[in-house]
Amino acid sequence: DLQSIVSTMKALAAVSIRQYERATQSLAVYYWTIEFGLHVLLRDTALQEGLPNKSAGGGLGAIVFGSDQGLCGRFNEDIAAFALQRIEASPAHGYGHRVLAIGNRTAGSLEYLGQSPLITLPTPSSAQHITNSVQQVLLIIDEWQSGQRIEHVQLFYHRQLPKGGQSQPTGLQLLPVNLHRFRRLREEPWPSRSRPTYTLERGQLLTALLRQYFAVTLFRAFAESLASEHTSRLTAMQAADKNLKDNLEEVVATYHRLRQDAITGELLDVVSGFEALTAGR
């Protein structure tokens, strides 16, 4: 029975990994478009208008991505420990902090380490539901900024490694926006013969591009975390399957040995009884 459950979990994990990997890959072109849009906007200017980029003061908002379900090894424990370590090391920690947990198991791991999350959201049940979760998180970030003086927002999630099918905890600064990572594109050749131009007001265009950047970044964090969760679950189920097979072989061998001992004992009883009955003849 356990082997049947483990086999089912392995199959579901493998299918889920693929759908979240496809969701991550589908963002590549869209993210490229946003990135080069910011490249065009920032190539000739040190534009700072409209940026949520405050370096002094303000608290820290931490978003920790985990799982609602178990059977995935130390997936939630590792990301919770990593997030708390980075939160305590952040300079913004001294101005207060808020923690948003994605997944009930993540919230439990954070509480076990002494950090109760202010808000807990469920993990998306499929790739199609990630967009709704992204919108919820964006609304929470807006509330943090408007009412709780949270100026720094960091994401903590598992990111899959390029090789080996493993994942590792990672942290990403969402706010304040670091425009230097976009200005580096000025050193790269433009992929076409001419650069595009724009007619929209610069601050308005920058705000629109940054909104899309936030949405794509959160979507990718959700997708990579969910893919990593199912990768961890697949690894745990493969180990469980191996242990079950080893234990089953041991149980079968023990059963055969005990059955042989019982048969041998019954035969000895029959022989002993026969000898007792015929001893007087």
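At 1.5 Å a residue, the 41 residues of α1 should span 60 Å, and the end C-alpha atoms of α1 lie 58 Å apart, which agrees. The expected span of a helix is 1.5 Å times one less than its number of residues. This is a predicted model, in which local features need pLDDT of at least 70 and side-chain atom pairs count only at pLDDT 80 or more, while totals for chains, interfaces and linings use all residues. Residues are numbered from 1 along each chain as its sequence is written, and side-chain values use heavy atoms, with hydrogens and water left out.

The chain holds six helices and five strands. Helices (H or I, at least four residues) and strands (E, at least two) are DSSP runs, numbered from the N terminus. Read from the N terminus on, the order of elements is α-β-α-β-α-β-α-β-β-α-α. The radius of gyration of the chain is 29 Å, well over the 19 Å that the globule rule gives for 281 residues, so the chain is more spread out than a compact globule. That radius is taken over C-alpha atoms, and the globule rule is 2.2 Å times the number of residues to the power 0.38. Along the principal axes, the C-alpha atoms fill a box of roughly 120 × 45 × 30 Å.

Next come the helix pairs. Two packed helices are described by the angle between their axes and the distance between the axes. Axes are lines fitted to C-alpha atoms, for helices over the stretch in contact, and angles run from 0 to 180 degrees between N-to-C directions. Helix α1 (residues 2–42) packs against helix α6 (residues 202–278) at about 160°, with the axes 7 Å apart. The two are therefore roughly antiparallel to each other. Angles under 35 degrees count as roughly parallel, over 145 as roughly antiparallel, 65 to 115 as roughly perpendicular and the rest as oblique. Helix α1 also has a kink of about 30°, centred on A28; the bend at a residue is the angle between axes fitted to the seven residues ending there and the seven starting there.

Helix α4 (residues 130–147) also meets α6: their axes come within 9 Å and cross at roughly 125°. That makes α4 oblique to α6. Elsewhere, α2 and helix α3 (residues 104–112) pack at about 55°, with their axes 9 Å apart, and are therefore oblique to each other.

Two backbone details remain. Most residues other than glycine have a negative phi, and most peptide bonds are trans. L71 has a positive phi of about 60° although it is not a glycine; L71 sits in the loop between β1 (59–65) and α2 (75–89). The peptide bond from L175 to P176 is cis, with omega near -5°, and P176 lies in the loop between β5 (167–175) and α5 (180–183).
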